[in-house]
There are 2 protein chains.
Amino acid sequence: MVFAPDPAFVNGSIAVTDWPLCHVRLQDDGRFPWLILIPRAEGAVELEDLSAEQRALLTEETVRGGRIVRRIGERLGRPVDKLNTAAIGNVTAQLHVHILGRRRDDPLWPDPVWGRGPALPYSSVAMVEAMDEIAAG
Amino acid sequence: MVFAPDPAFVNGSIAVTDWPLCHVRLQDDGRFPWLILIPRAEGAVELEDLSAEQRALLTEETVRGGRIVRRIGERLGRPVDKLNTAAIGNVTAQLHVHILGRRRDDPLWPDPVWGRGPALPYSSVAMVEAMDEIAAG
């Protein structure tokens, strides 16, 4: 299997780790605790491009990602009210799942966050805290 | 199990059928072939509120919904370029998954569609065609 994340992900997110199926990235936007999961399946664009076994694994890794997003929110002092999960891919087609945490008092609530910049890069301290939570999760 | 779709879904979408896990609705917006799947699990708000078995079933029903969305797009003469799939729930918290088809020449491409009205209700003929495709799928 030849897999590499689309270079478009390098701008705006940071490679953190690999789980059994997915390459895991942290979106560098301190407005929202936000992970991107990219299944390491060469050429996959839609859910239907994965096997049923891969899809089930993606779903479980999505739940795992949601738990971590909640923990990052708590660590940063902004507990999550609602998870938002999506596979869109209109801009970058490589199959990827966004998992992010929203608060009723966040600046975009209740609108979706995609395409709604500008991102607010993490401070170095907050980045270390977020990385800790991913490593623990 | 006591399940009823949130009344908010009645405005803007039409109940079509029930699959093994999900209540299936057609969004009444002819701009995009668009299904809403609502797991019939009382009180579920997040993916984590379902069992792993229910989540795997939701994922497979999501893929099934994507195939139908593609077929509705073809039937209406506007084949889908990209599926968009999301569980957001900021406005209506009851767990539900949007599955919709985008085209590179659609009026909102590449932005997400949520919160971007106004909807364009189906003609009666197009509605019957869309219902046919769901029944066949």
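Trainee: Let's start with strand 5 of chain B. How many of its residues are buried?

Mentor: Six of its six residues are buried. The strand covers residues 97-102 and is mostly covered. Keep in mind that this is a predicted model.

Trainee: Which residues of strand 5 of chain B point which way?

Mentor: Val97(B), Ile99(B) and Gly101(B) point one way. His98(B), Leu100(B) and Arg102(B) point the other way. All of them are buried.

Trainee: And what does strand 3 of chain B do with strand 5 of chain B?

Mentor: Strand 3, residues 34-39, runs antiparallel to strand 5 in chain B, and four bridges join the two. Ile36(B) stands opposite His98(B) there.

Trainee: How many bridges does strand 4 of chain B make with strand 5?

Mentor: Five, again in the antiparallel sense. Strand 4 of chain B spans residues 82-87. Ala86(B) has His98(B) as its bridge partner in strand 5.

Trainee: Buried or exposed?

Mentor: Thr85(B) is buried, because its relative accessible area is 14% and the cut-off for buried is under 20%.

Trainee: What does Thr85(B) touch, leaving out residues up to four places away in sequence?

Mentor: Both chains. From chain A, Thr85(B) touches Thr85(A), Ala86(A) and Ala87(A). From chain B, Thr85(B) touches Thr62(B), Val97(B), His98(B) and Ile99(B).

Trainee: Over to chain A. How many residues of strand 5 are buried there?

Mentor: Six of the six, so strand 5 of chain A is largely enclosed by the rest of the structure. Both faces are covered. Val97(A), Ile99(A) and Gly101(A) lie on one side. His98(A), Leu100(A) and Arg102(A) lie on the other.

Trainee: What are the pairings of strand 5 in chain A?

Mentor: Strand 3 of chain A joins strand 5 of chain A through four bridges, antiparallel. Trp34(A) has Leu100(A) as its bridge partner. Strand 4 of chain A joins strand 5 through five bridges, also antiparallel. Lys82(A) stands opposite Arg102(A) in that strand.

Trainee: New topic: helices. At what angle do helix 1 and helix 2 of chain A pack?

Mentor: About 145°, with the axes 9 Å apart. Helix 1 is residues 52-75 and helix 2 is residues 124-136. The crossing is right-handed.

Trainee: Which residues make that contact?

Mentor: Helix 1 of chain A gives Ile68(A), Arg71(A), Ile72(A) and Arg75(A). Helix 2 of chain A gives Glu129(A), Ala130(A), Asp132(A), Glu133(A), Ile134(A) and Ala136(A).

Trainee: Salt bridges next. How many does the structure hold over all chains?

Mentor: The structure holds 24. One of them is Arg55(A) with Glu60(B), where the closest N and O atoms are 2.7 Å apart. The pair crosses between chains, from helix 1 of chain A to helix 1 of chain B.

Trainee: What about the accessibility of Arg55(A) and Glu60(B)?

Mentor: Arg55(A) is buried at 9% relative accessible area. Glu60(B) counts as partly exposed at 28%.

Trainee: What is the salt-bridge partner of Asp81(A)?

Mentor: Arg104(A), with the closest N and O atoms 3.4 Å apart. Asp81(A) lies in the loop between helix 1 and strand 4 of chain A, and Arg104(A) in the loop between strand 5 and helix 2, so the pair ties together parts 23 residues apart in sequence. Asp81(A) is partly exposed at 30%. Arg104(A) is exposed at 57%.

Trainee: And Asp29(B) with Arg31(B): buried or exposed?

Mentor: Both are buried: Asp29(B) at 2%, Arg31(B) at 18%. Their side chains meet in a salt bridge, 2.7 Å from N to O.

Trainee: Which residues are linked in a network of salt bridges?

Mentor: Glu46(A), Glu48(A), Arg70(B) and Lys82(B).

Trainee: Last one. Where are the cis peptide bonds?

Mentor: One joins Trp109(A) and Pro110(A), with omega about 0°. Another joins Gly117(B) and Pro118(B), with omega about -5°. Most peptide bonds are trans. Pro110(A) is in the loop between strand 5 and helix 2 of chain A. Pro118(B) is in the loop between strand 5 and helix 2 of chain B.

Technical notes
Residues are numbered from 1 along each chain as its sequence is written. Chains are lettered from A and ligands numbered from 1 in the order in which they are written. This is a predicted model: local features need pLDDT of at least 70, side-chain atom pairs count only at pLDDT 80 or more; totals for chains, interfaces and linings use all residues. Side-chain values use heavy atoms; hydrogens and water are left out. Buried means under 20% relative accessible area, exposed over 50%, partly exposed in between (1.4 Å probe, protein chains only). Two strands pair if DSSP finds at least two bridges between them. Contact means heavy atoms within 4.5 Å. Axes are lines fitted to C-alpha atoms, for helices over the stretch in contact, and angles run from 0 to 180 degrees between N-to-C directions. A crossing is left-handed if the near helix is turned anticlockwise from the far one by less than a right angle, and right-handed if clockwise. A salt bridge is a side-chain nitrogen of Lys or Arg within 4 Å of a carboxyl oxygen of Asp or Glu.
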